[in-house]
Amino acid sequence: MRFLIIIPAHNEEGNLSFTLDSLQQQSFKDFQTVVVNDGSTDGTAEIIRKYTENDSRFETVNLQKSAHQPGSKVVSAFKNGLKTQNTDEFDIICKFDADIILPGNYLETVGDAFKNNPEYGLVGGLLYVEKDGGWVYEGNSNKHHVRGPMKAYRKESFVQIGGLRETLGWDNIDSILLENLGWKEVVIPELQVKLIKVKGADYTIRPADYYGRYFYFLGLNRFLTYIASSKEAAKSRSVSFFFKIIKAYEACKTAKLELKISKEEQKAINDKRWAMLKKKWLKI
């Protein structure tokens with residue numbers, strides 16, 4: 001199975017070489033990598049050049065500097081890289097971050113998983129961060145969800161969901177749409193991927209405005225948004241945090257900001273979240 005790997009990179013001169021080195025050291029060699037230099041103002045372009053000049057499996061796309069939009073910017077860069085390639089030549093499409101270190105058997109193991117399990121639509125490992133001199137599981141999601149920095153899609157499943165959406169919450173939207181179409185999302189826990197940018201910090205803590213916008217662009221209805229907001233407020237031990245999330249969510253609704261999902265997809269997402277809620281909290 002042949003891999004197409006797209007890596008958006010913005011000001012990653014201190015991290016990118018680790019990611020690209022880990023790709024060169026893969027036991028599986030049949031891949032093509034496109035590094036999308038998304039308006040970097042540091043030495044990222046020079047780092048990329050060291051690889052593109054010496055390894056034909058590495059290419060680059062240079063984009064002009066754009067405004068930062070949570071969720072949408074990275075997907076936009078990904079799409080700019082994807083459109084430079086003929087996807088008919090590939091079996092697996094990957095979106096990787098520019099600050100990860102892959103274990104040497106990552107591509108081989110992921111490829112075997114797809115090859116041996118035709119129902120698999122999305123496969124990945126677990127994300128680890130550096131803390132107190134060691135590497136620990138980052139714990140920002142459940143262990144059955146493939147995190148955004150290391151997504152690998154079977155091409156057929158990727159095409160069926162319409163690719164990635166340029167919106168906050170894209171890396172949860174993809175999972176729900178895949179499952180709705182009958183594909184499986186699978187995490188292989190022994191594949192430990194190191195996230196090198198974050199060192200010891202709790203980057204899981206987000207401002208209330210982020211959550212309000214996230215729940216809106218995920219397409220959640222008010223009831224599910226209130227439930228999800230209560231959960232985040234409980235984590236923060238702050239009642240005011242709940243009301244701030246709701247305020248941000250309602251502001252998005254009032255402004256009628258564009259969603260990147262259809263009405264049918266929005267229903268599928270709400271149905272999935274409701275099913276998860278009933279299973280976890282109501283034991284139904």
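# Briefing: burial, charge pairs and backbone turns

Glu232 is buried, at a relative accessible area of 12%. Its charge is paired: the side chains of Glu232 and Lys235 form a salt bridge, 3.6 Å from N to O. This is a predicted model. In the whole structure, a search finds 14 salt bridges and zero disulfides.

**Salt bridges**

- Side chains of opposite charge can pair when their charged atoms come close.
- Glu232 and Lys235 both sit in helix α8, three residues apart, or about one turn of the helix.
- An α-helix has 3.6 residues a turn, so residues three or four places apart point the same way.
- Lys235 is exposed, with a relative accessible area of 57%, whereas Glu232 is buried.
- Arg2, Asp30 and Glu89 belong to one network, joined by salt bridges that share partners.
- Arg57 pairs with Asp55 in a salt bridge, and their closest N and O atoms are 2.9 Å apart. Both Arg57 and Asp55 are buried.
- Asp174 and Lys151 form a salt bridge through their side chains, at 2.9 Å from N to O. Asp174 is in helix α6 and Lys151 is in strand β8 (residues 150-154), so this pair ties together parts that are 23 residues apart in sequence.
- Asp174 is buried, at 2% relative accessibility. Lys151 is buried too, at 0%.

**Helix α7**

- Helix α7 covers residues 208-217, and it is largely enclosed by the rest of the structure because seven of its ten residues are buried.
- Those buried residues are Ala208, Tyr211, Gly212, Tyr214, Phe215, Tyr216 and Phe217.
- They pack against α6 (170-180), α8 and α9 (239-255).
- Gly219 follows α7 and has a positive phi, near 90°.

- Gln85 lies in the loop between α3 (72-82) and β4 (92-96).
- Gln85 counts as buried because its relative accessible area is 16%, and buried means under 20%.
- The side chains of Gln85 and Glu59 are joined by a polar contact of 3.1 Å.
- Beyond its neighbours within four places in sequence, Gln85 is in contact with Leu4, Gln32, Val34, Glu59 and Phe90.

**Cysteines**

- Cys94 is buried, with a relative accessible area of 0%.
- Cys252 is buried as well, at 4% relative accessibility.

- Most residues other than glycine have a negative phi.
- Asn11 has a positive phi, near 50°. Asn11 is placed in the loop between β1 (3-9) and α1 (16-24). At 31% relative accessibility, Asn11 is partly exposed.
- Lys256 also has a positive phi, near 50°. Lys256 is in the loop between α9 and α10 (263-280). Lys256 is exposed, with a relative accessible area of 72%.

**Nonpolar surface**

- Phe223, Ile227 and Trp274 make a nonpolar surface patch of about 270 Å².
- Phe223 is in helix α8 (residues 222-236). Phe223 is partly exposed, at a relative accessible area of 47%.

Technical notes
Residues numbered from 1 in each chain as written. Predicted model: local features only at pLDDT ≥ 70, side-chain atom pairs only at ≥ 80, totals over all residues. Heavy atoms only, no water. Patch = residues over 30% accessible without salt bridge, like charges linked within 9 Å, V, L, I, M, F, W, Y side chains within 5 Å. Areas by Shrake-Rupley, 256 points an atom, 1.4 Å probe, with all protein chains shown as cover. Salt bridge = Lys/Arg side-chain N within 4 Å of Asp/Glu carboxyl O. Helix = DSSP H or I, 4+ residues; strand = E, 2+ residues; numbered from the N terminus. Buried < 20%, exposed > 50% of the residue type's maximum accessible area, 1.4 Å probe, protein only. Polar contact = N/O pair within 3.5 Å; in protein donor to acceptor, adjacent residues only side chain to side chain. Contact = heavy atoms within 4.5 Å. Disulfide = S-S within 2.5 Å.
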